[in-house]
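Here's a quick briefing on the fold, the surface and one residue worth a look. Have the model open as you read.

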Amino acid sequence: MIAAGFGIYAIAIPALLLVLLAGAEIVWPRRKLVLGRSPRWRTHALFFATNAVVGRLLSFLVVVGVAAHWASTHHFGVLNLVPLPFWVGAIIAFILLDLAVWSQHFAMHRYSFLWRMHAVHHADRDLDVTTALRFHPFELIMSTFFKSAIVALLGVPLLVALAFELWLNANALFNHSNIRSPRKLDRMLRPFLVTPDMHLVHHSTLVDDQKHNFGFGLTVWDRLFGTYRTESILGAENQKIGLAEIDDSRPSGFIWSIKQPIT
Ligand SMILES: [Zn+2]
């Protein structure tokens, strides 16, 4: 029941944030867009519509919900074995889930069959808040099952699992956004949170840059595993966004994008 009630927030909070960030991008843009807004936004809206049904409502609420419910009723999972105050367990779960998401993103770049799906996200030749919606449904389904397994193994309480999903969505929207933020603010946030300037490096056309800054939420994992990079090796101003082999307008089309993993 909590999951069903949470569904409204799972859509409403990210949607509100999307509107706010999109507005801020229009007023304070950081980079000039290569392919512009309208064709890309249409395609990303179609990705959102597909994934809203496939991922958000169906798999996220049902699969993650079932995994968390099953773990708590069966007293399964690491966190259910150790008696901890709720908040301590919640913080540990948040940190470990963030590490799991980092590891999954690392694997997406490491193994070619996973990269085929994830490349759809990287094919965008611009980076703005709507790029955060551009995930192939196959990737979303896969990541939902992966996250559910982690939720069950750790025994993450349902409320914490759902709150983490919101945190992840909010971070992804924020760090894909094309907002010109003060350097000072960027430097203040970087020790803890993945900022837009930090995630920009990961979307470089240079493969070497792509193998850095895998984080979506906390920056600690990239620092710990030696994959942190302050800016592109070409410099922030000179770096290009997307995949080196796709330098035309194809990524702004939905049909081309959805077929990309199997072509
Ligand atoms: Zn990536």
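Accessible areas here come from the Shrake-Rupley method with a 1.4 Å probe. On that basis, the protein chain exposes about 12800 Å², and carbon and sulfur atoms supply 73% of that area. Keep in mind that this is a predicted model.

**Overall fold**
- Along the principal axes, the C-alpha atoms fill a box of roughly 50 × 40 × 35 Å.

**Packing and charge**
- Of the 263 residues, 51% count as buried.
- Take the contacts between residues at least 6 apart in sequence: 77% of them join residues at least 24 apart.
- On the charge side, there are 23 positive and 17 negative side chains, and the centres of the two sets lie 2 Å apart.

**A look at N178**
- N178 sits in the loop between helix 7 (158–176) and helix 8 (183–189).
- With a relative accessible area of 4%, N178 falls under the 20% cut-off, so it counts as buried.
- A polar atom of the N178 side chain lies 3.0 Å from the backbone oxygen of R31.
- Leaving out residues up to four places away in sequence, N178 touches E25, W28, P29, R30, R31, L33, L127, D128 and V129.

How values were computed. Residues numbered from 1 in each chain as written. Predicted model: local features only at pLDDT ≥ 70, side-chain atom pairs only at ≥ 80, totals over all residues. Heavy atoms only, no water. Buried < 20%, exposed > 50% of the residue type's maximum accessible area, 1.4 Å probe, protein only. Contact = heavy atoms within 4.5 Å. Lys, Arg positive; Asp, Glu negative; His and termini not counted. Charge placed at Lys NZ, Arg CZ, Asp CG, Glu CD. Helix = DSSP H or I, 4+ residues; strand = E, 2+ residues; numbered from the N terminus. Polar contact = N/O pair within 3.5 Å; in protein donor to acceptor, adjacent residues only side chain to side chain.
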